[in-house]
Amino acid sequence: MKIKCFNAKNGDAIYIRNNEGINIFIDMGYPETYTRYISNDINVIDQCGEVIDLLIITHIDQDHISGAISFLRDIQSEKYSQSILKQVWHNSYRHLSVATKENSSKEDLYVVEEFLNKLSKLNSLISDATISAKQGSTLAGLIFGSGIEWNKDFSHGPIVGVNDVSIGNLKVTVLTPSNYILKNLKRYWKSELCKMKYDFAFGEEEVFDDAFEFYMLNETVLQNNSNSISSDSGECFHALLDNGVLVESEGDSSVTNASSIATIIENDSCRILLTSDAHDNDLYEILYEQSQNGINMEFDLVKLSHHGSRNNNSKWLELVSSKYYLISTDGSKHNHPDVEAIVNLILSNSKKDKILCFNSNLEIAREIDKEELKRRFNYSVIRPIEEWGIEIEL
Ligand SMILES: [Zn+2]
């Protein structure tokens, strides 16, 4: 199995290919991630007469969805063979069972349209100009308009854990979100529109998908802005390492991060754990439950959650062990990875050898790539040679 982790700035873009020609993408970073790197691989897939068996868009956040929007636009303009993408997994408004009626009243449609207009004016918060609130141009609008199978393996309902699905000879187990997490997301969204009209009724029109997506995008921008303090000094790093105990997570309050689709992708010879931006607590709970059910917690590759944020990578790391650990970020915007998350990674299962893989040449990667440290804590470091990111063969 080959795993490519593209340099998606502060985002995620992962490509998994096995020797049977099964191609799975998990998130596509930003439009530049797609145009500069990912589209080359998709062209190769297309020219070989293969398809993308599955595209998982883990949650609504611009560093995960905006490259996928560019890809869907290219499908729309027939840049690839018609059948290039077999299936998309993504949870949007229509998967939360919010709608109570098929057609909304004129008044309610006016409220949701006004809400969308208001959000469009906040567009300056979303730096990526390719995302706009224009109807049909959102991720949900594009998937819907393309006719591509959407959440087909889940009977077109929500992608929810714990469930497993076979994609060729790969088994994909969805760990999160749980039904409970999706209920929270639904409650959060419903309360916003009910603030504008107390007897607001949710319909099935596409404008609801657009408003939902745009609202969630704004939510993550606001969350991230209020959460950007980081202590990345070398001094702090060494002091925390010498302490020898994991730094506790202060928690991540983002409901969209909580709704991340986290998966185990495996075949007979290797196992990968992809955590997207899931919360530390949710990962701990589900992995603990799985281990109690006898599920093996040894992996070949594990991706740190939320680009190595200290809020998302603490106690769950103690439940798993892996040969490779992947940190996907270029350090821009939120100063990820946090030193606390790297310390937690180094300290968890420190008796076992591990390889820390970075998809961007970060200062912290150079800082920890020192012989004395690596010997003391049994790890090695892989840093990218090329600008596009790294490839790991399992
Ligand atoms: Zn992210």
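Reader: Is Gly11 buried or exposed in this model?
Author: The model is predicted, and Gly11 lies in the loop between strand E1 (2–6) and strand E2 (13–17). A residue counts as buried if 20 or more other C-beta atoms lie within 10 Å of its own. Gly11 has 26 other C-beta atoms within 10 Å, so its class is buried.

Reader: How far apart in space are Gly11 and Tyr30, C-alpha to C-alpha?
Author: Leaving aside neighbours within four places in sequence, Gly11 is in contact with several residues, among them Asp27, Gly29 and Tyr30. Gly11 and Tyr30 are 19 residues apart in sequence, and their C-alpha atoms are separated in space by 7.4 Å.

Reader: Why is strand E8 (residues 170–176) largely enclosed by the rest of the structure?
Author: Strand E8 pairs in the antiparallel sense with strand E7 (residues 163–167) and with strand E9 (residues 262–266). Each pairing runs over five bridges. Strand E8 is largely enclosed because, of its seven residues, those that are buried number five.

Reader: Which residue is the bridge partner of Lys171 in E9?
Author: E8 and E9 form an antiparallel pair. For Lys171, the bridge partner in E9 is Glu266.

Reader: Which residue takes a positive phi near 60° in the hairpin of E7 and E8?
Author: The two strands pair in the antiparallel sense. Two residues lie between them in the hairpin, and the residue with a positive phi near 60° is Gly168.

Technical notes: Residues numbered from 1 in each chain as written. Predicted model: local features only at pLDDT ≥ 70, side-chain atom pairs only at ≥ 80, totals over all residues. Buried ≥ 20, exposed ≤ 12 C-beta atoms within 10 Å, placed from the backbone. Helix = DSSP H or I, 4+ residues; strand = E, 2+ residues; numbered from the N terminus. Pairing = 2+ DSSP bridges. Contact = placed C-beta atoms within 7 Å.
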